[in-house]
Amino acid sequence: MNKGNMKQWVKAAGVRAIKTVAQAAIAMIGTAAVMSEVDWGMVVSAAALSGVLSLLTSVAGLPEIKES
(Lines give C-alpha, C1' and ligand atoms only; values in the text may rest on other atoms or scores of the structure.)
Protein backbone atom coordinates (compact mmCIF):
# COMPACT_ATOMS: atom_id res chain seq x y z
CA MET A 1 0.00 0.00 0.00
CA ASN A 2 1.48 3.30 -1.03
CA LYS A 3 1.31 6.56 0.90
CA GLY A 4 -1.66 7.90 -1.09
CA ASN A 5 -3.67 4.73 -0.55
CA MET A 6 -2.83 4.78 3.15
CA LYS A 7 -4.14 8.35 3.53
CA GLN A 8 -7.30 7.38 1.67
CA TRP A 9 -7.75 4.28 3.85
CA VAL A 10 -7.23 6.20 7.11
CA LYS A 11 -9.76 8.83 6.04
CA ALA A 12 -12.38 6.27 4.95
CA ALA A 13 -11.86 4.07 8.03
CA GLY A 14 -12.01 7.12 10.30
CA VAL A 15 -15.27 8.36 8.81
CA ARG A 16 -16.76 4.88 9.10
CA ALA A 17 -15.61 4.55 12.73
CA ILE A 18 -17.02 7.97 13.69
CA LYS A 19 -20.38 7.07 12.18
CA THR A 20 -20.36 3.74 14.01
CA VAL A 21 -19.52 5.43 17.33
CA ALA A 22 -22.39 7.89 16.86
CA GLN A 23 -24.82 5.11 15.99
CA ALA A 24 -23.80 3.08 19.04
CA ALA A 25 -24.18 6.10 21.33
CA ILE A 26 -27.62 6.86 19.89
CA ALA A 27 -28.69 3.25 20.45
CA MET A 28 -27.44 3.22 24.04
CA ILE A 29 -29.06 6.57 24.88
CA GLY A 30 -32.28 5.42 23.23
CA THR A 31 -32.62 2.51 25.63
CA ALA A 32 -33.21 4.82 28.61
CA ALA A 33 -36.75 5.97 29.35
CA VAL A 34 -35.64 9.41 30.60
CA MET A 35 -32.43 11.40 30.35
CA SER A 36 -31.63 10.95 34.06
CA GLU A 37 -31.56 7.16 33.58
CA VAL A 38 -28.84 7.23 30.93
CA ASP A 39 -25.74 5.37 32.12
CA TRP A 40 -23.16 7.67 30.52
CA GLY A 41 -20.25 5.39 31.42
CA MET A 42 -21.91 2.56 29.55
CA VAL A 43 -22.66 4.85 26.58
CA VAL A 44 -19.03 5.96 26.32
CA SER A 45 -17.74 2.42 26.80
CA ALA A 46 -20.03 0.89 24.17
CA ALA A 47 -19.35 3.72 21.70
CA ALA A 48 -15.57 3.42 22.13
CA LEU A 49 -15.68 -0.35 21.72
CA SER A 50 -17.75 -0.02 18.56
CA GLY A 51 -15.20 2.44 17.16
CA VAL A 52 -12.33 0.04 17.81
CA LEU A 53 -14.27 -2.84 16.25
CA SER A 54 -15.08 -0.69 13.22
CA LEU A 55 -11.39 0.09 12.67
CA LEU A 56 -10.44 -3.58 13.04
CA THR A 57 -13.15 -4.57 10.57
CA SER A 58 -11.84 -1.97 8.12
CA VAL A 59 -8.49 -3.77 8.05
CA ALA A 60 -10.23 -6.56 6.12
CA GLY A 61 -11.11 -4.06 3.42
CA LEU A 62 -13.20 -1.02 2.66
CA PRO A 63 -15.52 -0.95 -0.34
CA GLU A 64 -14.92 2.81 -0.55
CA ILE A 65 -11.26 2.19 -1.45
CA LYS A 66 -10.56 0.84 -4.91
CA GLU A 67 -7.79 -1.74 -5.03
CA SER A 68 -5.08 -0.92 -7.54
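S50 is buried, at a relative accessible area of 14%; buried means under 20%, exposed over 50% and partly exposed in between, with a 1.4 Å probe and protein chains only. The model is predicted: local features need pLDDT of at least 70, side-chain atom pairs count only at pLDDT 80 or more, and totals for chains, interfaces and linings use all residues. Residues are numbered from 1 along each chain as its sequence is written, and side-chain values use heavy atoms, without hydrogens and water.

S50 sits in helix α2, residues 40–59. Helices are DSSP runs of H or I with at least four residues, numbered from the N terminus. Beyond its neighbours within four places in sequence, S50 is in contact with T20, V21 and A24. Contact means heavy atoms within 4.5 Å.

Now take the whole helix. α2 has 20 residues and reaches 29 Å from first C-alpha to last, close to the 28 Å expected at 1.5 Å a residue. The expected span is 1.5 Å times one less than the number of residues.

Which residues of α2 are buried? They are V43, A47, S50, G51, S54 and S58. They lie on the same side of α2, because they cover an arc of only 105° around the axis. That arc is taken from the directions from the helix axis to the C-beta atoms. What covers these buried residues includes α1 (3–30). On the other side of α2, L49, L56 and V59 are exposed.

Next comes the chain past the helix. Just after α2, G61 takes a positive phi of about 140°. P63 is in the segment after α2. P63 counts as exposed, at 68% relative accessibility. P63 and A12 are 51 residues apart in sequence, and 9.5 Å apart in space, C-alpha to C-alpha.

Notes. Helix = DSSP H or I, 4+ residues; strand = E, 2+ residues; numbered from the N terminus.
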